[in-house]
Structure formats: C-alpha cells, structure tokens
Amino acid sequence: MTIGRRIIRLDETTSTNDEAKRHAKNGEAEGLVVVAKRQTEGRGRLGREWVSPQGGLYVSVLLRPDLDPKQLTAFTVYSAVPVARAIESITGLKTELKWPNDIQVDGRKVAGLLVEGTGQQGKVDFVVLGIGINVNIESKELGVDGATSLGEVLGREIDQDDLFAAVLLELKSYNEQLMKGKYPEDEYVARSSVLGHQIEAKVGRETFRGKALYLAPDGALVIKSDEGLVLRLSWVNDTSIRVTDPTESNDYPTKD
Ligand code: BTN
C-alpha cells in the first residue's frame with residue numbers, strides 16, 4: 001500500500017475529512033489522499049472550527065490499519081511525529097508536540113490532527129487522518145488565540161507543494177513502522193512540550209491539575225494530580241490540556 005497512490009486535489013471543499021470518509025464508505029482502498037486549498041467547514045477536535053483559508057495545507061489520508069479501535073489513541077497521538085518531521089525538514093524550525101495532537105512552534109500552534117474512523121468487533125474498518133497546517137497565513141486571518149503560521153514565524157513564504165510532498169513521505173515511513181507494531185516513542189518524547197510539566201486538563205466538564213508523567217503505550221497521558229492520584233487521560237476527543245509552568249525545565253521521568 002502506498003499513501004498517495006491516488007490524490008484528489010480540490011480548490012475548495014467543506015472538509016477534506018468528509019471527502020475522504022465519503023470515499024472510504026464507498027469502498028475506496030487505503031492510501032487515498034485528499035488535499036484542498038480551502039475548507040468551508042474545516043473542523044478540529046472538541047467540535048471546534050479549523051479556520052481554513054487559502055494558504056494553509058488541508059490534507060486527509062485514508063488508512064485501513066490492522067488495529068483494534070482501542071489502539072486509535074496511540075495512532076492519533078503518534079501521528080503528530082511524521083507531520084512534525086515534515087515541517088522541520090522543510091522549514092528548519094524546531095517543533096514541539098502538545099498532547100494529544102497539536103504541533104507548536106515557540107509555544108504557538110501551527111498544526112493539528114483530527115483522526116476519525118469506524119470500527120467494530122475489535123477491528124478498525126477505516127481511519128481518516130486529517131492534517132491541518134497553517135503555512136502561509138497571517139495569524140490575524142486565523143483569529144485564533146495562541147495560533148500562528150509557519151510563514152509568519154519564518155518571515156517568508158513556504159512552498160506548499162514541498163511541504164505536502166514531505167508530509168506524504170514521512171507518513172509513508174510512519175505507516176510502515178506502524179504495520180510492524182512500532183511507534184516513534186522516543187521522537188515523540190523528545191518533542192513533547194508537556195511531559196514533565198505541570199498541566200491543567202479539562203476532561204468533559206471536569207478539571208484536573210497535576211504533573212504530566214509519561215505517555216502510556218496506548219497513547220494515554222498519565223498524570224499525577226496535585227492530590228497525589230495517578231490519572232490516565234485517554235479519551236483524546238474530549239480532553240484538552242494547558243501547560244501551567246512552561247518555563248520550567250522539562251525533567252521527563254522514566255516509566256519505571
Ligand atoms: C485540531 O487541532 O483540533 C485538529 C485540526 C485538524 C484540521 C484538519 S484540516 C484537514 C482535515 N479536515 C478537517 O476538517 N479537519 C482536518
């Protein structure tokens with residue numbers, strides 16, 4: 001299977017995830033990539049809008065991995081690594097990963113991932129990995145607190161085609177490793193802006209404060225709450241976190 005064996009390029013769509021899901025439901029084989037110049041109904045996690053004007057990269061990849069739906073949290077979390085690698089290779093910028101799947105530069109969000117899929121009886125049917133990267137967009141056009149674009153940070157335009165090609169290349173090697181059961185754990189940890197830090201986590205209506213200890217094998221973020229309880233944040237679609245001590249050094253502890 002090759003990611004990008006078929007690429008659908010659109011000037012505009014509601015959401016590339018919707019487009020890829022429509023094809024998935026019609027029996028499309030894995031490897032389909034949908035890329036659009038603009039989205040009119042781009043969406044992110046937690047039901048948020050993903051502002052998608054011209055100048056951003058909006059990509060969805062259809063995969064049919066041999067995974068249990070329970071493994072989708074890990075799949076989602078680690079998928080940020082190949083995207084971060086692609087951004088770094090094209091821009092030379094240093095990226096940071098904010099659990100579960102934000103990609104940041106200098107503490108500001110430049111990209112996000114949204115994984116959607118279906119599965120039953122312990123088997124994923126399909127997964128659509130949606131990737132949004134703020135490439136050549138002014139942050140005032142985004143109008144999102146804490147967000148910026150790669151072009152704005154670099155002070156120059158970035159070639160969207162080069163970045164798109166790099167994303168596909170990195171996703172291919174990520175997917176190949178995934179098929180062998182290997183996740184890029186060390187690379188994730190090295191880029192994490194969360195592990196070892198004090199955080200505030202909102203899970204549905206509840207708020208927890210504590211220290212982010214480590215990433216569990218299933219992709220859950222394990223924290224030690226200020227009350228001394230060890231908690232697993234695993235329901236990524238309903239959870240958002242905020243680092244509350246960003247300046248302290250990142251003393252990431254080992255699992256044992
Ligand atoms: C997030 O940070 O909350 C995730 C954002 C994901 C945005 C991408 S853009 C391509 C794909 N289509 C969508 O509607 N969303 C994803």
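Predicted model: local features only at pLDDT ≥ 70, side-chain atom pairs only at ≥ 80, totals over all residues.
The domain assignment places domain 1 at residues 6-191 and domain 2 at residues 198-243. Between the C-alpha centres of domain 1 and domain 2 the distance is 23 Å.

The protein is built with 7 helices and 12 strands. Its radius of gyration, 17 Å, is close to the 18 Å that the globule rule gives for 256 residues, so the protein is as compact as a globular protein of that length. A box of roughly 50 × 50 × 30 Å, taken along the principal axes, is filled by the C-alpha atoms. Of the 256 residues, 52% count as buried. The protein exposes about 12,200 Å², and 46% of this area is supplied by carbon and sulfur atoms. Among contacts between residues at least 6 apart in sequence, 64% join residues at least 24 apart.

The largest nonpolar core holds 57 residues, and the members that touch the most others are Phe75, Ile103, Ile131, Ile133, Leu150, Ile199 and Leu221. Helix α6 (residues 160-179) gives the largest share of this core, with 8 residues. Both domain 1 (6-191) and domain 2 (198-243) give residues to this core, so the core lies between them. A second, separate core has 8 residues, among them Ala20, Val34, Leu62 and Val128.

Phe75 sits in helix α2 (residues 72-78). Its relative accessibility is 0%, and because buried means under 20%, Phe75 counts as buried. Leaving out residues up to four places away in sequence, Phe75 touches Leu63, Leu67, Val115, Val127, Tyr174, Leu178 and Tyr183. Phe75 and Asp218 are 143 residues apart along the chain, yet 8.5 Å separates their C-alpha atoms. For Leu150, with neighbours within four places in sequence left aside, the contacts are Ile87, Thr91, Leu93, Val105, Val110, Ile133, Asn134, Val135, Ile158 and Leu163.

Ile87 and Thr91, both in contact with Leu150, are also among the buried residues of helix α3. Helix α3 (residues 80-91) has 12 residues, which at 1.5 Å a residue should span 16 Å; the end C-alpha atoms are 16 Å apart, so the two values agree. Gly92 follows α3 and has a positive phi, near 75 degrees.

Of its 10 residues, 7 are buried, so α1 is largely enclosed by the rest of the structure. These buried residues are Thr16, Asn17, Glu19, Ala20, Lys21, His23 and Ala24. They pack against five strands, namely β1 (6-13), β2 (32-39), β3 (56-63), β6 (108-120) and β7 (123-134). One of these residues, Ala20, is included in the second core.

Three further residues show how individual positions are set within the fold. Thr239 belongs to strand β12 (residues 239-243). With 0% relative accessibility, Thr239 counts as buried. Beyond residues up to four places away in sequence, Thr239 touches Arg45, Leu46, Trp99, Pro100, Lys202, Val203 and Leu233.

Ser139 is part of helix α4 (residues 139-142). The relative accessible area of Ser139 is 19%, and since the cut-off for buried is under 20%, Ser139 is buried. Its contacts, again not counting residues up to four places away in sequence, are Arg108, Val144, Ala147, Thr148 and Glu152.

Gln54, by contrast, lies in a loop, the one between β2 and β3. A relative accessible area of 43% makes Gln54 partly exposed. Although Gln54 and Arg38 are 16 residues apart along the chain, their C-alpha atoms are separated by 5.1 Å. Arg38 is also one of the residues that Gln54 touches, along with Lys37, Asn136 and Ile137, when residues up to four places away in sequence are not counted.

How values were computed: Residues numbered from 1 in each chain as written. Heavy atoms only, no water. Core = buried A, V, L, I, M, F, W, Y, C linked by side-chain atoms within 4.5 Å. Buried < 20%, exposed > 50% of the residue type's maximum accessible area, 1.4 Å probe, protein only. Helix = DSSP H or I, 4+ residues; strand = E, 2+ residues; numbered from the N terminus. Domains from an automatic or database assignment. Contact = heavy atoms within 4.5 Å. Rg over C-alpha atoms; globule rule 2.2 N^0.38 Å. Areas by Shrake-Rupley, 256 points an atom, 1.4 Å probe, with all protein chains shown as cover. Expected span 1.5 Å × (residues − 1).
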